[in-house]
Amino acid sequence: MGNPCAVIGVGQTAYKTKRLDVSMAGLLREAAQRALEDAGLDWADIDAVVIGKAPDLFEGMMMPEAYLADALGARGKPMMRVHTAGSVGGSTAIVAAGLIQSGVHDRVLTVAWEKQSESNATWALTVDSPHSTSLVVGAGGYFAPHIRAYMRRSGAPDHIGTLVAVKDRQNALKNPYAHLKIPGISREMVESTPMLWEPIRYLETCPSSDGACAMVLASESAARSAPNPPAWVQGTSMRSEPIFFAGRDNVLPQGGRDAAADVYRQAGITDPRRELDCAEVYVPFSWYEPMWLENLGFCGEGEGWKLTEAGATALDGDIPWNPSGGVLSSNPIGASGMIRFAEAALQVRGMAGEHQVDGARRALGHAYGGGAQFFALWIVGSDKP
Amino acid sequence: MPSSPNHVLEFPGGYTRSVGPVIGRFLSELRDGRLVGVRTAGGRVLVPPTEYDPDTGAAVTDEWVEVGPAGTVQSWSWVPNPRPDHPLDRPFAWALIKPDGADTALLHALDMGEFEAGAEPPRFLKTGLRVRPKWRAERGGGIGDIECFRPEVTMINAPTRLEYTLDPGRALSRFLESISQGRILGHRCPVCDSVIVPMKGMCSRDGVPTTEEVEVADTGTVTTFAVNNIPDPRAPEVPFVSAYILLDGADLTMLALVAGIPADQVRIGMRVKAAWRPREEWGPTMNNIRWFEPLDEPDVPFERIKDYV
Ligand SMILES: [Zn+2]
């Protein structure tokens, strides 16, 4: 894993439907500035910048790294862009961590964002090539059949998705940055919303958000002078797999299992449910909580929904999932993965505010993207590995 | 409002009006493309100026202040159907606009862009909107030297168009050639023995080239599906069903429409058959198959398809 790497700064914008008051550069700058303040650093202290966003067609922005160099104080410094669809926020953080772990840099700024109000994800996800041999249906249309297959395979009762939709929105009420805040959110409320892509109901999907998230990562020596407690990176892992191939498990993809096994091995974890204190996991449709519980080894296959049903993943459960409210409450697509990673860091730094999990010392950050084919995970802890 | 007058009274040439030093200064500045206000003894800046302070009745001072020209909408009234003598011939707003640096607002026309006659006011027209004057090129010293006000620029449009020449490649070309003859082709992987439809000339799992062609049936089994309640131009109606279908003889499912059955009766394990478009419409495209329709056969038990979901 190389040299120790610490998260010493986290910055987020509030996630909102529309941030028409700022340019894209202004949006990122806001998150980056807050991360620098948390780290007690200024622009000149940063050695390199790593950014990530959703695919180019979402906002029609090609080569954002060229446009954004000034806004991120990157003139004359190494700057790169990472590109792994919806998991990009996570893999961007991992690439940035790699620059510290390799000993190349001491302080790296990493930023991910999306301005969905000026983007068109549905269009971008349904552009068709003249030689396409399969129906092209947007994100909900793509994931709904796999959720149905999970329900059939596991025998999960219909209301499990509703429980997650309620739980994550209850958590969001404690997070000042969260987009969807629905006071009094209840099962009845979720169940009264229409089916968009059956079995997915309206309130079982994520919102469209504008927002950015940034982190400052530091080497051991640089972390020593940080004003706030660091989160130490204890493991990172990425995997990918093709979207269509014979024998693919679309419900619990091999890439997800392998990435989880890899990151647990690095962190010395054999029982994630017991050894982790909380997890921020990419759940854009409520049913993906029980599915990822299984894929990430928090329980056996077919058992994930039982953990959700028993309240194990609630803020007061034994393994809280998405105390921040998760992707179901805020979804600036390109940033959503980095928000998971950053929220995991905030938890082990004891800086998560009202949604802090008491005494959290080790947390998982997770992101996935494409047709559930790109996976990025990290484990952060209050102890240096 | 009568459609046209039946009597007109017009003073030849128009009356003359001496404007005096205060109004005269304001109009002269307008002609030069500047917006100014006059200060009262109490320190307020009046735009447009009055000769005497409406609060105290005293003469205003001779101190002039350049204001704006940008300002903020204080209040507005939408005109969905402009009259012939209105300053704009499309829907617009009359607005009270307070120029930056002024303590009063002036009334002017606010052009919100292109709207059909009778349109509702746009949602972005609201108190607090930032606006700027559109000056006429030729000015004569009148409030009409400002043609109208317009919102400040807050958004630009970036048209994007990319042109490609796409080549499907060898394997997919063969597939498309066969589909244009009503046949569905796949490749058998020499390592895992899977039949990959449509073929790509390789097995993604084993990373080996594939060449052995296998024809598969146009019948198959629904492995899983979604009921879509959001309209799609390719779908027959809402709700429509998109389903993963395992064609008989294939080892890879494909996503396709299912129709010819109410959405709430589609099942995992349901047997289906391709509904082809009329032969004369066939081309090298999967669209030759309009959708899949139910076959009158018993459902396949989940056990037999569970490894394909
Ligand atoms: Zn193979």
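**Reading the model, feature by feature**

Modeller: Strand S2 (residues 48-53) of chain A and S4(A) run parallel and are joined by 6 bridges. This is a predicted model, in which local features need pLDDT of at least 70 and side-chain atom pairs count only at pLDDT 80 or more, while totals for chains, interfaces and linings use all residues. Residues are numbered from 1 along each chain as its sequence is written, and chains are lettered from A and ligands numbered from 1 in the order in which they are written.

Colleague: How is strand pairing to be read, and which residue is the bridge partner of A:Ala48 in S4(A)?

Modeller: Strands of a sheet pair through backbone hydrogen bonds, either parallel or antiparallel. Two strands pair here if DSSP finds at least two bridges between them; helices (H or I, at least four residues) and strands (E, at least two) are DSSP runs, numbered from the N terminus. The partner of A:Ala48 is A:Val108. S4(A) also pairs with strand S7 (residues 210-219) of chain A, in the antiparallel sense and over 9 bridges. Within that pairing, A:Glu114 stands opposite A:Gly211.

Colleague: How many residues of strand S4 (residues 107-115) of chain A are buried?

Modeller: In a regular strand the side chains alternate between the two faces of the sheet. A residue is buried if 20 or more other C-beta atoms lie within 10 Å of its own, exposed if 12 or fewer, and partly exposed in between, with C-beta atoms placed from the backbone. For S4(A), 9 of the 9 residues are buried, so the strand is largely enclosed by the rest of the structure. Both faces are covered: A:Arg107, A:Leu109, A:Val111, A:Trp113 and A:Lys115 lie on one side, and A:Val108, A:Thr110, A:Ala112 and A:Glu114 on the other.

Colleague: What covers the buried residues of H12(A)?

Modeller: The buried residues include A:Trp292 and A:Glu294. Their cover includes H6, helix H7 (160-172), helix H10 (254-267) and helix H13 (304-310) of chain A; contact means that the C-beta atoms of two residues, placed from the backbone, lie within 7 Å. After H12(A) comes A:Gly297, whose phi is positive, near 75 degrees.

Colleague: Is A:Arg274 buried or exposed?

Modeller: A:Arg274 counts as exposed because it has 11 C-beta neighbours inside 10 Å. Its place is in helix H11 (residues 272-275) of chain A.

Colleague: How many residues does each chain give to the contact between chain A and chain B?

Modeller: The size of an interface is often given as the accessible area lost when the parts come together. Here residues are counted instead: the contact takes 29 residues from chain A and 35 residues from chain B. On the side of chain A that touches chain B, helix H6 (138-154) and strand S5 (195-198) of chain A each give two or more residues, and H6(A) gives the most, with 8 residues. Pairing also crosses between the chains: S5(A) and strand S14 (residues 219-228) of chain B are antiparallel over 2 bridges. In S14(B), B:Val227 is the bridge partner of A:Glu198.

Colleague: What is the radius of gyration of chain B, and how does it stand against the globule rule?

Modeller: The radius of gyration is taken over C-alpha atoms, and the globule rule is 2.2 Å times the number of residues to the power 0.38. Chain B contains 3 helices and 18 strands. Its radius of gyration is 36 Å, well over the 19 Å that the rule gives for 309 residues, so chain B is more spread out than a compact globule. Along its principal axes the C-alpha trace spans about 100 × 50 × 35 Å. Of the 309 residues of chain B, 29% count as buried.

Colleague: Which domains does the assignment give for chain B?

Modeller: Domain bounds come from an automatic or database domain assignment. For chain B these are domain 1 (20-151) and domain 2 (169-308), and 65 Å separate their centres, taken over C-alpha atoms.
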